[in-house]
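Reader: I would like to learn how to read a protein model feature by feature. Could you take me through one slowly, giving the general idea before each case?

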Amino acid sequence: RIGITISDDGCGIPYEAQPRIFEPFFTTKPVGGGTGQGLAISHTIVVDKLGGQLSFESTPGVGTTFTIQLPFSE
């Protein structure tokens with residue numbers, strides 16, 4: 001597998017939202033501020049289409065780290 005890790009030191013994802021972030025149409029933004037499609041589409045591409053894994057760790061007030069793992073063969 002090949003791994004890609006992306007981290008930030010932003011506000012993090014609230015604990016109550018974390019179980020839902022890959023659900024289509026789920027957003028924490030105000031109405032009109034987001035479609036809730038970005039992470040759902042990313043999850044579909046990485047997991048369903050490419051057979052990889054997409055995961056995250058987040059602590060509110062500290063930041064978030066997303067990890068993408070893709071299969072690799074020589």
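**The helix and the sheet**

Author: Let us begin with the helix: α1 has 12 residues and spans 16 Å from its first C-alpha to its last, close to the 16 Å expected at 1.5 Å a residue, where the expected span is 1.5 Å times one less than the number of residues. Helices (H or I, at least four residues) and strands (E, at least two) are DSSP runs, numbered from the N terminus. This is a predicted model, in which local features need pLDDT of at least 70 and side-chain atom pairs count only at pLDDT 80 or more, while totals for chains, interfaces and linings use all residues. Residues are numbered from 1 along each chain as its sequence is written, and side-chain values use heavy atoms, with hydrogens and water left out.

Reader: In which order do the elements of the protein run from the N terminus on?

Author: The order is β-α-β-β, made of 1 helix and 3 strands. The C-alpha atoms fill a box of roughly 45 × 25 × 15 Å along the principal axes.

Reader: How are the strands arranged in the sheet?

Author: As a general idea, strands of a sheet pair through backbone hydrogen bonds, either parallel or antiparallel. Here the open sheet of 3 strands has the order β1-β3-β2 with antiparallel pairing, two strands being paired if DSSP finds at least two bridges between them. Because β1 (2–7) and β2 (53–59) stand at the edges, each with a single partner strand, one side of each is left without a neighbour in the sheet. From one strand to the next, the twist averages 15°.

Reader: How many bridges join β2 to β3, and how many does the pairing of β1 and β3 have?

Author: β2 is joined to β3 (residues 63–70) by 7 bridges, and F56 stands opposite F66 in β3. The antiparallel pairing of β1 and β3 extends over 6 bridges, with I68 in β3 as the bridge partner of I4. β2 and β3 also form a hairpin with 3 residues between them, and G61 in the turn has a positive phi of about 85°.

Reader: Is F25 buried or exposed?

Author: Buried means under 20% relative accessible area, exposed over 50%, and partly exposed in between (1.4 Å probe, protein chains only). F25, in the loop between β1 and α1, has 64% relative accessibility and therefore counts as exposed. Of the 74 residues of the protein, 22% count as buried.

Reader: Which residues make up the largest nonpolar core?

Author: In soluble globular proteins, nonpolar side chains tend to be buried together. A nonpolar core is a set of buried Ala, Val, Leu, Ile, Met, Phe, Trp, Tyr and Cys residues joined through side-chain atoms within 4.5 Å, and the largest one here has 5 residues, I13, A17, I21, F26 and F56. Leaving out residues up to four places away in sequence, I21 touches I13, F26, L39, F56 and F66, contact meaning heavy atoms within 4.5 Å.

Reader: Why do S58 and Q18 count as buried?

Author: S58, found in strand β2, counts as buried because its relative accessibility is 10%, and Q18 does so because its value is 18%. For their polar contacts, look for a pair of N or O atoms within 3.5 Å; within protein, one must be able to donate a hydrogen and the other to accept it, and residues adjacent in sequence count only if both atoms are side-chain atoms. The side chain of S58 reaches the backbone nitrogen of I13 at 2.7 Å, and a polar contact of 2.7 Å joins the side chains of S58 and T64. The side chain of Q18, in turn, reaches the backbone oxygen of I13 at 2.9 Å.

Conventions
Axes are lines fitted to C-alpha atoms, for helices over the stretch in contact, and angles run from 0 to 180 degrees between N-to-C directions.
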